[in-house]
Amino acid sequence: MSDQRQRQLSHVLYWRFFVNLALMLMDAAMFLIASATVLNLRHENHPFYTPRFGFTFDTTVYLIVATCFWIWSLHQVGVYHRHIMGDGYQLNLLLIKGMAVCWIIQCAFHFFFKFELTLTSLCLMVASGWALTVVERMISRAFLTRSRKKGEYAYGTVIVGSPQGIGRMLRFLAQRQQLNYRPVAVCPIRLNPETGLVDSDLNAEELRREINENWGSSLPVLQYSDNNLAEQFLDINAQTVMVTDVLRRYSDNYNTFSVRMESLDLEIAMIASAADTSNHEIQIRSIQGTTIITQRLPQYSVMARFCKRLFDIIVSAIAIVVASPIMFVTAILIKADDGGPVFYKQQRIGLRGKPFCIHKFRSMRVNADKYLAEVAAANGQELGMRVKIKKDPRITKIGHFIRKTSIDELPQFFDSFIGTMSVVGPRPQRQFEVDEYNQVFATRLLVKPGITGPWQVSGRNDLSDEESEALDVAYVQNWSVMGDLIYILRTVGTVLHPNGAY
């Protein structure tokens with residue numbers, strides 16, 4: 001068994017090493033090309049003399065050293081981690097962090113040797129290197145995603161859980177091609193109500209239906225066993241065991257199951273609850289024989305919240321100035337369309353359940369709110385947080401355009417500037433929607449609602465209720481100013497290629 005596992009691991013390490021090596025070389029090439037271009041355009045491609053040590057760096061040697069700093073910076077922030085190479089959002093965030101680290105190292109390097117290079121050129125080298133790397137990684141990610149659809153560059157995964165849980169996980173993996181988990185088999189289980197132990201689930205018909213509906217093609221079904229289950233997983237070249245439900249963390253069933261898997265070097269993966277405490281800072285202290293565990297979310301410190309507020313003020317002010325011509329023309333077109341008011345004001349629920357007024361460009365006919373229940377009923381829906389009307393007859397001619405391009409949201413920058421909203425956060429909702437929140441979803445009220453955020457850049461109305469909830473709750477636990485900047489950049493792409501906007 002150990003020989004078989006060794007061969008499997010060797011295969012995984014083989015392709016992972018060469019994929020990462022290829023990515024590393026391409027990242028290096030992008031930075032090298034960008035740096036050389038900047039030095040040539042700014043006429044600073046001369047040898048670098050260090051008066052402190054009295055020797056000269058050849059330009060080529062200098063560029064190679066600078067490129068090594070770039071690769072080392074990316075490595076330090078985790079760009080080459082095995083679960084990052086095919087990701088989008090997480091990778092872009094790490095590339096920005098890597099750019100900051102590289103800039104600091106380059107500045108220290110130049111200060112130490114006292115090279116004659118302008119700060120402008122140094123900044124342009126790092127920024128252009130980052131820009132080319134982003135483009136290169138977009139192309140690489142498309143290649144990896146396409147290859148993973150064919151079963152390449154991915155970890156063979158066995159999904160363990162109830163038939164319903166297996167179906168949900170298959171749907172999740174089918175929608176997220178950037179993940180490197182490739183289902184190779186399923187193992188249906190259930191909890192025996194009499195013994196409290198895990199048994200094999202024999203409901204083959206339900207399992208087959210879940211697989212067909214959520215994956216589209218058949219998958220091998222493995223029977224659960226306390227004795228040789230891990231060996232069965234190895235026989236089909238699995239590297240990861242994805243647990244969906246039934247097996248609850250910290251339970252005896254889960255602990256014994258995980259030990260059996262991990263003893264043969266199989267990785268355990270699971271999708272945690274949206275309210276999980278994964279991002280908390282955990283501190284363990286022992287005081288007079290008593291162990292005390294404390295936890296905190298660092299982004300809710302006074303300084304972090306101050307930085308977010310300052311970020312909102314600066315971004316909102318810039319957006320208001322830049323978008324003023326667009327807002328002026330939009331106001332004229334709305335007024336000329338039907339002569340009604342330019343702006344639309346509505347009460348929404350903000351931070352910690354406090355009501356506030358949101359401002360938008362009016363995209364519907366006057367008094368459209370009075371007809372919401374009627375329009376919803378005509379579309380077979382009830383008034384509530386799940387109302388999604390694709391062809392709303394209340395929308396005006398100009399309204400279709402400004403909603404599709406998100407121009408109707410521009411006045412909300414004034415709301416963000418005065419502090420009732422944030423630039424980035426969960427979308428603001430109405431009271432009847434808030435009334436339907438469950439305990440977990442209600443945590444979205446612990447931050448200010450945003451002009452853009454996870455919902456706006458991830459599919460909008462095309463998202464399921466569970467996906468919307470998970471995105472918003474995850475934001476509450478993980479937000480950062482750097483993360484907000486990434487959401488703003490992603491919003492630009494969403495405006496250019498709107499999906500789910502209606």
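Predicted model: local features only at pLDDT ≥ 70, side-chain atom pairs only at ≥ 80, totals over all residues.

Reader: Which strands and helices do the buried residues of helix 6 pack against?

Author: In helix 6, which spans residues 204–214, the buried residues are Glu206, Leu207, Glu210, Ile211 and Asn214. Because these residues cover an arc of only 135° around the axis, they are on the same side of helix 6, while Glu205 and Glu213 are exposed on the other side. The elements that the buried residues of helix 6 pack against are helix 5 (163–175) and strand 4 (181–191).

Reader: How are the buried residues of helix 8 arranged around its axis, and within what arc do they fall?

Author: The buried residues of helix 8 are Asn253, Tyr254, Phe257, Ser258 and Met261. Seen down the axis, they line one face of helix 8, because the arc within which they fall is 120°.

Reader: Which residues are exposed on the other side of helix 8, and which elements do its buried residues pack against?

Author: Asp252 and Val259 are the residues exposed on the other side of helix 8. The buried residues of helix 8 pack against strand 3, strand 4, strand 5 (198–200), helix 7 (229–235), strand 6 and strand 7.

Reader: In which sense does strand 6 pair with strand 3 and with strand 7?

Author: Strand 3, made of residues 155–161, pairs with strand 6 over four bridges, and threonine 157 stands opposite threonine 240 in strand 6. Strand 6 also pairs with strand 7 (residues 267–270) over four bridges, with isoleucine 268 in strand 7 as the bridge partner of valine 241. For both pairs, the sense is parallel.

Reader: Which residues of strand 6 point one way, which point the other way, and are they buried or exposed?

Author: From strand 6, Thr240 and Met242 point one way, whereas Val241 and Val243 point the other way. Whichever way they point, all of these residues are buried.

Reader: Is helix 9 roughly parallel or roughly antiparallel to helix 11?

Author: Two packed helices are described by the angle between their axes and the distance between the axes. For helix 9 (residues 302–338) and helix 11 (residues 397–404), the angle is about 150° and the axes are 9 Å apart. Since angles over 145 degrees count as roughly antiparallel, helix 9 and helix 11 are roughly antiparallel.

Reader: Which residues make the contact of helix 9 with helix 11, and how do they divide into nonpolar, polar and charged?

Author: Helix 9 brings Thr330, Leu333, Ile334 and Asp337 to the contact, and helix 11 brings Lys397, Ile398 and Ile402. By kind, the residues of this contact divide into four nonpolar, one polar and two charged.

Reader: Which residues does the buried glycine 98 touch?

Author: Glycine 98 has its place in helix 3 and is buried, with a relative accessible area of 0%. Not counting residues up to four places away in sequence, glycine 98 touches Trp70, Ser73, Leu74 and Val77.

Reader: Which residues does threonine 50 touch?

Author: Threonine 50 lies in strand 1, residues 48–50, and is buried at a relative accessible area of 0%. Leaving out residues up to four places away in sequence, threonine 50 touches Phe55, Phe113 and Phe115.

Reader: Where is lysine 114 found, and what is its phi?

Author: Lysine 114 is found in the loop between helix 3 (89–113) and helix 4 (119–149), where it is partly exposed at a relative accessible area of 45%. Its phi is positive in a residue other than glycine, with a value near 60°.

Conventions. Residues numbered from 1 in each chain as written. Heavy atoms only, no water. Buried < 20%, exposed > 50% of the residue type's maximum accessible area, 1.4 Å probe, protein only. Helix = DSSP H or I, 4+ residues; strand = E, 2+ residues; numbered from the N terminus. Arc of directions from axis to C-beta. Contact = heavy atoms within 4.5 Å. Axes fitted to C-alpha atoms, helices over the stretch in contact; angles between N-to-C directions. Parallel < 35°, antiparallel > 145°, perpendicular 65-115°, else oblique. Nonpolar A, V, L, I, M, F, W, Y, C, P; charged D, E, K, R; others polar. Pairing = 2+ DSSP bridges.
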